[in-house]
Amino acid sequence: MPGAEVYANEASLGAGIAAAGKPREELFVTSKVIDLDNGRTVRDALTQSLARLGLNYVDLFLLHSPKRLEGKVLAAWKELEGLQEEGLARSIGVSNFRVKDLDALLEIATVVPAVNQIEYHPYVFKASEPLLAFHKKRGILTTSYGGLTPLVYQKGGPVDPMLASIRERLEKDTGKHVTEGQVLGLWLRAQGIPQITTSSKLERVKEYVATDALPDLTSEEVRAINEAGSQLHFRYCVQYFDDNSW
């Protein structure tokens, strides 16, 4: 369950958790800290998130952006390690970190970030290869947000024919309605990359959940999406990934 103070969704997420009545151990709740301005600490941020969520711990707490925390990242991480020891966050990680951001963090870290949540979809596949290789080497899990970018923000791009063709194949094989968004979810699954998504539309949430029941893409289909995605570079968020001046 992805929350973040910048999403302004923690209170509604907490209300949903309370209404669902599910045992806490069956849930995996994530949140993030976006800034530490005016003397605010990571403890302050996490305590405030927990209050909005109505929980006494989160399963994963992330530093949301090295740019928004510029000059404070290393101290914030050490504080976050302490909060994990206290049990306020079961796991800790980062989001939107580049290789050089992770290199600097790992120089002082006792705990390796469990996760780096990044914008990841076929149109940043090629550019992300060095970062994903670094993650693999250091045991950091890649998770993806913005996985539907080719359909939402770059419609008409080179992956569209691949997605349509694979969708048709899956519908024929399964007898189920399949969407191109689900094909992108299967592309992420083929790489072992969890898809992080939020939606205010119930049908979108059902579509996301139903992806789990679909069969895997073939290796040829994954390669075709990779090759098509490599024909175009498009990044919707975190433009500093492509800005060598920062």
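Predicted model: local features only at pLDDT ≥ 70, side-chain atom pairs only at ≥ 80, totals over all residues.
Over the ring of which residue does the charged end of R24 sit? Good morning. The charged end of R24 sits over the ring of Y57, at 4.1 Å from the ring centre. R90 also lies over the face of Y57, and its distance from the ring centre is 3.8 Å.

Let us turn to the strands. Strand β2, residues 58-63, and strand β3 run parallel and are joined by five bridges. Within this pairing, F61 has I92 of β3 as its bridge partner. On its other pairing, β3 is joined to β4 by two bridges, and these strands too run parallel.

Together, β2, helix α3 (residues 73-86) and β3 form a right-handed β-α-β unit. A right-handed β-α-β unit is also made by β3, helix α4 (residues 99-108) and β4. How many of the seven residues of strand β3 are buried? Five of them are, and the strand, which spans residues 89-95, is therefore largely enclosed by the rest of the structure.

I come now to the nonpolar core. In soluble globular proteins, nonpolar side chains tend to be buried together. The largest nonpolar core in this model has 58 residues. Among the residues with the most contacts inside this core are F61, Y120 and W187. If we set aside neighbours within four places in sequence, the contacts of F61 include V33, V42, L46, L80 and I92.

Next, the aromatic rings. A search of the whole structure finds four aromatic pairs. In one of them, Y120 and W187 are stacked, with 5.3 Å from centre to centre and 15 degrees between the planes. Y120 lies in the loop between β4 (115-119) and α5 (125-138), whereas W187 belongs to helix α8 (residues 180-190), so this pair ties together parts that are 67 residues apart in sequence. Both Y120 and W187 are buried.

W187 has a further partner in F125. Their ring centres are 6.4 Å apart and their planes stand at 65 degrees; because an angle over 60 degrees counts as edge-to-face, the pair is edge-to-face. Since F125 lies in helix α5 and W187 in helix α8, the pair ties together parts that are 62 residues apart in sequence. F125, like W187, is buried.

To close, ring pairs link Y120, F125 and W187 into a cluster. Thank you for your attention.

How values were computed
Residues numbered from 1 in each chain as written. Heavy atoms only, no water. Core = buried A, V, L, I, M, F, W, Y, C linked by side-chain atoms within 4.5 Å. Buried < 20%, exposed > 50% of the residue type's maximum accessible area, 1.4 Å probe, protein only. Contact = heavy atoms within 4.5 Å. Phe/Tyr/Trp six-rings, centres within 6.5 Å; stacked < 30°, edge-to-face > 60°. Helix = DSSP H or I, 4+ residues; strand = E, 2+ residues; numbered from the N terminus. Lys NZ or Arg CZ within 6 Å of the ring centre and 35° of its normal. Pairing = 2+ DSSP bridges. Right-handed = clockwise from strand over helix to strand, strands pointing away.
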